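Please examine the sequence and the three-dimensional model shown below.

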Amino acid sequence: MWERVRRALLNLLSTTFLHVWKWVRAFWRKNGLLTLSMLSVATGCLLGFLLRALELTELEKQYFSFPGELLMRMLKMLILPLITSSLMSGLATMDSKACGKMGLITITYYLWTTFMAVTVGIILVVSIHPGAAAQKDDYSVGKVVLSSADALLDLIRNMFPSNLIEASFQQYRTVLVPVVKSPGFPKIPGKSLSFIYFAPDDENPEIHRPVFLELTPSPEMTYRTLPGTSNEMNVLGIVIFSATIGLLLGKMGERGMPLVNVCQCLNEAVMKIVSMAVWYFPFGIVFLIAGKILEMGDPSVIGQKLGLYAITVVSGLVIHGLVLLPLLFALITKKNPFAFIQGILQALLIALATSSSSATLPITLKCLLENNGIDRRVARFVLPVGATINMDGTALYEAVAAIFIAQVNEYDLDMGQIITISITATAASIGAAGIPQSGLVTMVIVLTSVGLPTNDITLIIAVDWALDRFRTMTNVLGDALAAGIIAHVCEKDFAPKSPTQEPVSNTERFPSAETSHPHPKDNVIEMIEETLFEQTGVHYYICQV
C-alpha cells in the first residue's frame with residue numbers, strides 16, 4: 001500500500017515538474033530576453049548608486065562604462081545600412097499611389113501627435129508652475145548660441161548633404177567665432193597687455209566662460225558665423241536621399257530590380273546581425289545606466305532645484321505616451337494598444353538605456369516584424385522617417401523647458417507667445433537628430449522666438465541626461481504605434497491583388513524578400529512553351545524543379 005502511494009506521489013511530482021519545466025521553457029523562449037533586459041535596468045540603477053560611495057576617478061568611470069560604450073557602438077554601426085536598405089527596398093516595392101498615400105498619412109499623423117504633445121506640456125507647466133521652486137545661480141554662463149535663423153538654415157542644409165560619405169559621420173553646423181575689437185588705446189611702456197580668455201567649463205566642456213583680465217573699459221565683442229561640422233550622423237539627409245532613390249527605383253521597372261534585390265538582402269542581413277547582437281544588450285545596459293548614474297551630480301541638490309520641473313516633464317510624457325497615443329491607436333484600429341505595446345517592450349528598454357531613437361531603430365524594427373506582425377513595407381518606411389522627424393517627447397520637453405525658463409526669469413508670457421512656443425517647439429523637434437541630448441540644440445529656436453535668454457539653457461542641463469531617456473522612450477513608442485496605425489489604415493493598399501485585376505503595381509514587379517526570385521532561365525522556358533503551342537496548338541505549362 002505504501003509503495004503504491006509512493007509511486008503515485010512520484011508520478012504526480014514528476015508530472016508537475018514536467019509541466020513547470022515546459023512552462024519555463026516556453027516563457028523563456030518568448031520573454032527571456034525581455035526579462036533579462038528589465039533585470040539589467042534595475043541592476044544598473046542599483047549598481048550605479050552603490051558605486052557612488054566609492055568616489056571613483058574619471059578614468060575609473062571611463063573604464064567601468066566600457067561595456068556600455070560597446071553597446072552604443074554596436075547600435076550606431078547598424079543605423080546607416082538599416083536606414084538605406086529599408087527605405088530603398090521598402091519604397092521601391094510599393095505602388096506609387098499607395099506610397100504617396102502612406103507618406104501623406106504618416107507625415108500628417110506625426111505632425112498631429114507632436115502638436116498634441118506640445119499642448120499637453122504647455123498645460124502642465126502652466127498649471128504646476130515649476131519655475132517658482134527653482135533659482136538661478138549667481139553667475140551667468142557666457143556661452144553664445146546660434147540664432148533661430150542660423151539653426152533653421154542648418155536644418156535645411158543638412159537635408160541636402162554635399163557629400164554622402166561625409167553625411168554618414170558628420171553634419172553641417174554653423175560655428176560662432178568671437179572677434180574682439182581693439183579699443184585703439186596707445187601702448188604705455190611698462191604696462192602689461194590685457195587679454196580675454198574663453199575657458200571651458202569643468203562640468204560641460206561645450207560651455208565657455210569668458211575670463212576678463214585687466215580690461216578697462218571692456219572691449220567690444222562681435223561674433224562671426226563660419227561653416228563648420230559636428231561629429232554626428234546626418235540622419236535627415238540620408239533619409240531624404242534613400243527615400244528619393246527608393247521612389248525612383250520603383251519607377252525604373254525591371255532595370256532597377258538588381259539594386260532592389262541587393263537592398264533587400266542587405267536589410268535581411270542587418271536584421272540577422274541584430275538578432276545575434278541582442279543577447280549582449282542586457283550586459284551592456286547594466287554598465288551604460290550605472291556609468292551615467294556615476295557621472296551625475298549630487299541627487300539631493302538637483303532634486304531641490306529641479307525636482308518639480310522633472311516631475312512636470314515626466315508627467316507630460318506619461319500622459320502623452322500611456323494615455324493619448326494608446327487612445328488614438330484604439331480609436332483608429334479598434335485593437336488593444338497595450339497588447340501592441342507589450343510587443344515592443346524590448347525596444348523601449350533599449351531606448352531607456354541608449355537615449356537615442358536612431359540607435360534603437362534596429363530593435364524597434366525587429367519587434368514590430370516578429371512580435372506585432374506589421375507589414376515589412378510599412379515598417380521599413382514609417383520607422384526610419386519617424387526616427388528622424390517624429391519627436392513627440394522632445395517637442396513636449398522643449399515647450400516645458402522654454403516656459404520653465406520664462407518662469408525662473410519672472411517673465412509673463414501672453415497667449416500669443418505661448419502659441420508661438422507651441423508652433424516653434426513642433427517645428428524644432430522635427431530637426432532634432434535622433435541622438436542623445438539633441439533637444440538642447442534645437443531649444444535655441446524655441447527660446448529666441450519669444451525673446452527668452454538662451455544662456456539659461458544651462459539651468460536644466462543637470463537633469464537633462466535623465467529626462468532625455470524618458471522622452472526617447474516616448475519617441476520610440478510614438479513611432480511604433482504610428483506603424484501599427486498606418487498598417488491598419490493602408491491595409492487594403494497592400495493586400496494581395498487577385499489575378500483578374502489588370503493593373504500591375506510595382507509590388508508585383510519587384511518581389512519582396514520572402515518571395516522567390518526569378519531564375520535566369522525563365523525566358524528560355526517561356527520560349528519553349530511558345531514553340532510547343534505553335535507546333536501542337538496545346539498549352540504546356542513547364543516548371544523548373
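The model is predicted, so local features need pLDDT of at least 70 and side-chain atom pairs count only at pLDDT 80 or more, while totals for chains, interfaces and linings use all residues. Residues are numbered from 1 along each chain as its sequence is written, and side-chain values use heavy atoms, with hydrogens and water left out.

The protein contains 20 helices and 4 strands, taken as DSSP runs numbered from the N terminus (helices H or I, at least four residues; strands E, at least two). Of its 545 residues, 45% are buried, that is, under 20% relative accessible area with a 1.4 Å probe and protein chains only. Among contacts (heavy atoms within 4.5 Å) with a separation of 6 or more, 83% join residues 24 or more positions apart.

Two packed helices are described by the angle between their axes and the distance between the axes. For helix H3 (residues 66-92) and helix H9 (residues 281-295), the axes come within 7 Å and cross at roughly 125 degrees. On the H3 side, Pro67, Gly68, Glu69, Leu71, Met72 and Leu75 meet Phe281, Phe283, Gly284, Ile285, Phe287 and Leu288 of H9. This contact has 9 nonpolar, 2 polar and 1 charged residues, with Gly counted as polar and Glu as charged.

Helix H16 (residues 415-430) has 16 residues. From first to last C-alpha, H16 reaches 23 Å, close to the 22 Å expected at 1.5 Å a residue, a span that is 1.5 Å times one less than the number of residues. Buried residues in H16 include Ile418, Ile421, Thr424, Ala425 and Ala428.

Terms used: Buried < 20%, exposed > 50% of the residue type's maximum accessible area, 1.4 Å probe, protein only. Axes fitted to C-alpha atoms, helices over the stretch in contact; angles between N-to-C directions.
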